[in-house]
Amino acid sequence: MTSKGTVLVTGGSRGIGAACVRLLARDGFDVAVNYARSAAEAEKLAGEVKAMGGHSIAVRADVGSETEVTDMFAHIDEAMPPLAGLVNNAGVLFEKARLEDFDAERINETLRVNVTGSFLCAREAVRRLSTERGGEGGVIVNLSSAAARIGSPNEFIDYAASKGAIDAMTLGLSKEVAGQGIRVNAVRPGLIHTDIHASSGQPDRVERLQGQVPMGRGGTAEEVAESVVWLLSPAASYVNGVLLDVTGGR
Ligand code: NAP
């Protein structure tokens, strides 16, 4: 299959990001798999993409670090076909707690990775994709969350607020770069079966809360990834500035 260009998936080593990597490879994209700690998982996934006929590299960078992000994009420029898209997926979630028990370190780390990280990667992507800067245009998909509209009371309002920021960035950036050949959308997953819930001290969170979902079950990483790859595809060529809930109706 002819290459459709490179898509960078941040936090591509596990969960929703890993599902995006596999589906992008299925659809003929070359994929750069970013990770922070899970080197073995990321390398394994890059191997899977290559076995499917695509170019792929695993690339370590903390998305909240400006120098690591610029180094990562420079490495992708050298090692991969031209950038066609970005999936801003890397995200962190900390221990379930009420706001009255938060400290600044926790709040800042949530915002550093989830918000600053997404802004920095979007910046580097726009600099490469923009038709005003010699690029071919492209697509950015941000992973927000239903938490942005629910607010996550008694669990993680800081995380919900970070996703509210992603919604606002999606709306603003989609208008800012629409004339430069770049579409920007967000997917807002609901309760999805991944390891992220264990980081909040609630590995059984999806099973416990799935009764709140009109469809009566949690979702899979693949069900979220299908929406992401659709937004990246030409089939979504007139979809811009959308916050797409993938929540089973919750
Ligand atoms: P996950 O299974 O915990 O995976 C998180 C990914 O982010 C991992 O690949 C991790 O890399 C990476 N990551 C964490 N910190 C990073 C950093 N500083 N720099 C680069 N990569 C970093 O999470 P998930 O459930 O797949 O979630 C993916 C996205 O969907 C997140 O933005 C999350 O907020 C959002 N979301 C998830 C749900 C859900 O129910 N699962 C619901 C709504 C929204 P390492 O493996 O190297 O640590």
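Helix α1 (residues 15-26) and helix α9 (residues 221-232) cross at roughly 50°, and their axes come within 8 Å. Axes are lines fitted to C-alpha atoms, over the stretch in contact for helices, with angles running from 0 to 180 degrees between N-to-C directions. α1 is therefore oblique to α9. Angles under 35 degrees count as roughly parallel, over 145 as roughly antiparallel, 65 to 115 as roughly perpendicular, and the rest as oblique.

This is a predicted model, in which local features need pLDDT of at least 70 and side-chain atom pairs count only at pLDDT 80 or more, while totals for chains, interfaces and linings use all residues. Residues are numbered from 1 along each chain as its sequence is written, and side-chain values use heavy atoms, with hydrogens and water left out.

Helices (H or I, at least four residues) and strands (E, at least two) are DSSP runs, numbered from the N terminus.

**α1 and its surroundings**

α1 passes α9 in a right-handed crossing. A crossing is right-handed if the near helix is turned clockwise from the far one by less than a right angle, and left-handed if anticlockwise. From α1, the contact (heavy atoms within 4.5 Å) takes in G15, I16, A19, C20, L23, L24 and R26. α9 supplies A221, E222, V224, A225, E226, V228, V229 and L232. By class, these residues are eleven nonpolar, one polar and three charged. Ala, Val, Leu, Ile, Met, Phe, Trp, Tyr, Cys and Pro count as nonpolar, Asp, Glu, Lys and Arg as charged, and the others, Gly among them, as polar.

S13 sits in the loop between β1 (6-9) and α1. S13 is buried, at a relative accessible area of 11%. Buried means under 20% relative accessible area, exposed over 50%, and partly exposed in between (1.4 Å probe, protein chains only). Neighbours within four places in sequence aside, S13 touches A18, V33, N34, Y35, S38, E41, A42 and L45.

**α4 and its partners**

Helix α4 (residues 104-129) packs with helix α6 (residues 157-177) at an angle of about 15°, their axes 9 Å apart. The two helices are therefore roughly parallel to each other. α4 passes α6 in a right-handed crossing. Among the contact residues are I107, L111, V115 and F119 of α4, and Y159, I166, M169 and L173 of α6. The contact divides into twelve nonpolar, four polar and three charged residues.

Helix α3 (residues 66-79) also meets α4, with axes that come within 10 Å and cross at roughly 35°. α3 passes α4 in a right-handed crossing. On the α3 side the contact is made by E66, V69, T70, M72, F73, A74 and D77. On the α4 side it is made by L120, C121, R123, E124, A125 and R128. Seven of these residues are nonpolar, one is polar and five are charged.

**An aromatic pair and buried residues**

Rings of Phe, Tyr and Trp (its six-membered ring) pair if their centres lie within 6.5 Å; planes under 30 degrees apart count as stacked, over 60 as edge-to-face and the rest as tilted. The count comes to one aromatic pair. The ring centres of F156 and Y159 are 5.6 Å apart and their planes stand at 75°, so the pair is edge-to-face.

| Residue | Relative accessible area |
|---|---|
| F156 | 2% |
| Y159 | 12% |
| T247 | 11% |

T247 lies in the segment after β7 (243-246). Which residues does T247 contact, leaving aside its neighbours within four places in sequence? They are A146, R149, R188, P189, G190 and V213.
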